[in-house]
Amino acid sequence: MSGEPSASARDRAPGRRVRRSATLDRVDAFLRELRPDAPEPVAQFARELMATAVGLLDDRTPVADVRLLNAALRELRYAFRVFAGYRHVRKVTIFGSARTTESESAHRQAELFARRIVDEGFMVITGAGGGIMRACQRGAGRERTFGVNIRLPFEQEPNEFIARDPKLVTLRYFFTRKLLFVKEADAVVLFPGGFGTLDEAYECMTLVQTGKASPLPIVFLDAPGGDYWKTWRAGIERRLLRDRLISEEDLSLFGVTDDAEEAVGEIRGFYRAYHSSRYVGEQLVIRLNQRPGPEVLEQLQRDFSDVLASGRFYLSGALPEEDQDETFSLPRLVLHFNRLKFGRLRQMIDVLNQTVGTAAGVNP
């Protein structure tokens with residue numbers, strides 16, 4: 001699902017050089033003896049991780065810093081193992097207040113949305129706590145949910161719909177938790193919430209706006225008739241947009257609604273033609289569920305040439321540098337993207353989804 005380049009592509013990327021050292025040479029020999037059948041390039045990165053760890057000793061790194069790195073790496077490794085068996089199922093990360101009660105309409109909306117998005121073939125990821133998180137996991141059902149919990153002195157016991165489930169991960173650090181929320185997501189939905197929800201909202205939008213996360217739907221979902229996110233968006237437009245702190249096209253990176261079915265439709269529609277994307281060298285490769293006709297290519301060239309650093313849009317099969325994974329047979333739209341106008345890129349993806357046609361399904 002990720003738009004990051006594969007390891008093999010990174011190895012060939014211009015400018016990537018791993019400085020050889022006596023430590024790396026000895027680690028290399030040790031790992032080859034310990035795991036002679038380890039596949040490349042995973043083994044290469046494992047060797048570099050081990051050499052980096054030894055480097056902490058050379059740097060006389062304080063024990064507290066080493067302890068932090070060790071704990072973060074261990075919990076990420078565990079989380080990767082939990083998600084590994086569901087790698088090819090699309091997932092929606094959902095944020096919202098842990099303090100929302102069952103009597104509130106936002107709670108009922110969250111349960112309804114989770115039930116409906118699971119009906120569309122997605123799984124749900126929440127923070128595993130109460131309030132909106134509990135409502136979503138109740139609506140989705142235990143079999144279709146993940147919990148990414150955080151150890152806190154209050155508010156954060158896992159709810160009964162994910163407690164003791166093998167898909168529950170409990171983490172020490174917010175930064176590893178936030179990484180997983182975005183890394184594993186194919187869409188993000190946010191219900192009304194406090195500081196934590198707003199933090200995640202700006203984090204997700206910043207990552208997509210800067211290209212540090214793959215394009216994905218971000219939907220702010222109010223309770224029916226609610227104005228929490230409508231008021232928030234009005235403030236964004238009144239201050240950030242008016243003062244030119246964001247661009248007009250940045251508003252295309254997210255949507256605001258109080259209709260659960262509209263939120264489901266936004267997510268489902270995003271994957272109608274668009275499947276996923278990645279970079280191969282300087283080229284952005286957009287994998288498509290259906291091959292567009294020449295008229296669509298002409299429309300993109302006419303209306304979205306401003307996203308190009310050079311050249312033109314063109315259609316292709318999988319490029320030679322790409323891995324032969326489950327997407328290998330999908331058609332590609334290839335462009336030399338300027339890596340500046342991610343709001344315009346999102347608008348271009350919307351046009352593709354509207355013009356290319358309905359795909360067979362949301363899952364790869």
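A nonpolar core here is a set of buried Ala, Val, Leu, Ile, Met, Phe, Trp, Tyr and Cys residues joined through side-chain atoms within 4.5 Å. Keep that in mind for this predicted model, where the largest such core runs to 81 residues. Besides the core, there's an open four-stranded sheet to look at, plus 16 aromatic pairs and a couple of arginines sitting over tyrosine rings.

**The core**

- If you skip neighbours within four places in sequence, I218 has contacts with V188, L190, C204, M205, V208, L253, F254 and G255.
- As background, nonpolar side chains in soluble globular proteins tend to be buried together.

**The sheet**

- Reading across, the strand order is β8-β9-β11-β10, with antiparallel pairing.
- On the edges you'll find β8 (274-280) and β10 (308-316), each of which pairs on one side only.
- Going from one strand to the next, the twist averages 20°.
- Strands β9 (residues 283-288) and β11 (residues 332-337) share four bridges in the antiparallel sense.
- Across that pairing, L284 faces L335, which belongs to β11.
- Helix α11 (residues 294-303) packs on the sheet and touches β10 and β11. The direction of α11 makes about 170° with that of β10.
- In general, strands of a sheet pair through backbone hydrogen bonds, whether parallel or antiparallel.

**Aromatic rings**

- The model has 16 aromatic pairs in total.
- Take F95 and F181: their ring centres are 4.9 Å apart and their planes make an angle of 80°, so this pair counts as edge-to-face. The cut-off behind that label is a plane angle over 60 degrees.
- That pair ties together distant parts of the chain, with F95 in strand β1 (residues 91-95) and F181 in helix α7 (residues 174-183), 86 residues apart.
- Are F95 and F181 buried or exposed? Both are buried.
- There's also one aromatic cluster made up of Y202, F220, Y228, W229, W232 and F254. F254 turns up among the contacts of I218 as well.

**Charges over rings**

- R90 lies over the face of Y271, 3.8 Å from the ring centre.
- R339 puts its charged end over the ring of Y279, at 3.6 Å from the centre.

Methods. Residues numbered from 1 in each chain as written. Predicted model: local features only at pLDDT ≥ 70, side-chain atom pairs only at ≥ 80, totals over all residues. Heavy atoms only, no water. Buried < 20%, exposed > 50% of the residue type's maximum accessible area, 1.4 Å probe, protein only. Contact = heavy atoms within 4.5 Å. Pairing = 2+ DSSP bridges. Helix = DSSP H or I, 4+ residues; strand = E, 2+ residues; numbered from the N terminus. Axes fitted to C-alpha atoms, helices over the stretch in contact; angles between N-to-C directions. Phe/Tyr/Trp six-rings, centres within 6.5 Å; stacked < 30°, edge-to-face > 60°. Lys NZ or Arg CZ within 6 Å of the ring centre and 35° of its normal.
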